[in-house]
Amino acid sequence: MSNQSDVQRDEQNSAWVRQQFQKANQHLAEKGILPDTVAVSESRYLPPLMAVWKMTAQDRKQYWVISGDLPTDHMALSAAKDAREAVRAFSLHWQLKAQQIMDAGGLDKTKVDFANLLVHRAEALYELFEREDLWNKVAG
């Protein structure tokens, strides 16, 4: 029997997942991609850190979308075979993006801060990717 704190935590996690789903949809819409469906069974959530969504757009193209306590981003579904590989792909992409920002020169504090954020989130994502205990569980 669940105690009240378990029920409250489940409700908070459910609210967080809904919020992240809305962020993922909004992100795609802002990029000119009209979201249609999400493959819930292939998406993964780790409240309050990250959610990785397998989404199909109205034009039938498919994407991985990541949201949470990190920049919301997306990539083509072909970039990763599953949510775990998508986490690794986002990590590597962000490390490259941070390096491109730093190499571009003419850096202001905002760009440096964003590059540093990308590096730190990329490192954290890679640590999550490497944790077998997170990926051996059933989705959710």
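Visitor: How many residues lie between S4 and S5 in their hairpin?

Guide: Four residues separate S4 from S5 in this hairpin. Strands here are DSSP runs of E, at least two residues long, while helices are runs of H or I, at least four long, and both are numbered from the N terminus. This is a predicted model: local features need pLDDT of at least 70, side-chain atom pairs count only at pLDDT 80 or more, and totals for chains, interfaces and linings use all residues. Residues are numbered from 1 along each chain as its sequence is written, and side-chain values use heavy atoms, with hydrogens and water left out.

Visitor: What makes S4 and S5 a pair?

Guide: Two strands pair if DSSP finds at least two bridges between them. S4 and S5 (residues 73-76) have four bridges, in the antiparallel sense. They therefore meet the rule. Look at Trp64: it stands opposite Met75 in S5.

Visitor: How many bridges join S3 to S4?

Guide: Seven bridges join these antiparallel strands. Here Val52 stands opposite Ile66 in S4.

Visitor: Why is S4 called largely enclosed?

Guide: Six of its seven residues are buried, so the rest of the structure largely encloses S4. Buried means under 20% relative accessible area, exposed means over 50%, and partly exposed is in between (1.4 Å probe, protein chains only).

Visitor: What stands out about Arg60 in the hairpin of S3 and S4?

Guide: Arg60 takes a positive phi near 75° there. Arg60 is a residue other than glycine. Most residues other than glycine have a negative phi, and most peptide bonds are trans. Arg60 sits in the loop between S3 and S4.

Visitor: Why is Arg60 called exposed?

Guide: Its relative accessible area is 51%. The cut-off is over 50%, so Arg60 counts as exposed.

Visitor: Which peptide bond is cis?

Guide: The bond from Pro47 to Pro48 is cis, with omega near 0°. Pro48 lies in the loop between S2 (44-46) and S3.

Visitor: Why does Ala15 count as partly exposed?

Guide: Ala15, found in helix H1 (residues 4-30), has 35% relative accessibility.

Visitor: What makes Ala83 buried?

Guide: Its relative accessible area is 4%, under the 20% cut-off. Ala83 is in helix H2. Beyond four places in sequence, Ala83 is in contact with Glu42, Arg44, Val52, Trp64 and Trp135.

Visitor: Why is Ser91 called buried?

Guide: Ser91 has 0% relative accessibility, so it too is under the cut-off. Ser91 is in H2. Again leaving out neighbours within four places, Ser91 is in contact with Ala122, Leu125 and Tyr126.

Visitor: Why is H2 called roughly antiparallel to H3?

Guide: Two packed helices are described by the angle between their axes and the distance between the axes. The axes of H2 and H3 come within 8 Å and cross at roughly 155°. Angles under 35 degrees count as roughly parallel, over 145 as roughly antiparallel, 65 to 115 as roughly perpendicular and the rest as oblique. So H2 is roughly antiparallel to H3. Axes are lines fitted to C-alpha atoms, for helices over the stretch in contact, with angles from 0 to 180 degrees between N-to-C directions.

Visitor: How many residues make up the largest nonpolar core?

Guide: The largest core has 23 residues, and those with the most contacts inside it include Trp64, Phe90 and Leu125. A nonpolar core is a set of buried Ala, Val, Leu, Ile, Met, Phe, Trp, Tyr and Cys residues joined through side-chain atoms within 4.5 Å. S3 (50-57), S4 (62-68), H2 (83-103) and H3 (109-130) each supply at least two of its residues. H2 gives the largest share, eight residues. Another core, of twelve residues, lies apart from it, with Trp16, Ala24, Trp53 and Met55 among its members.

How values were computed:
Contact means heavy atoms within 4.5 Å.
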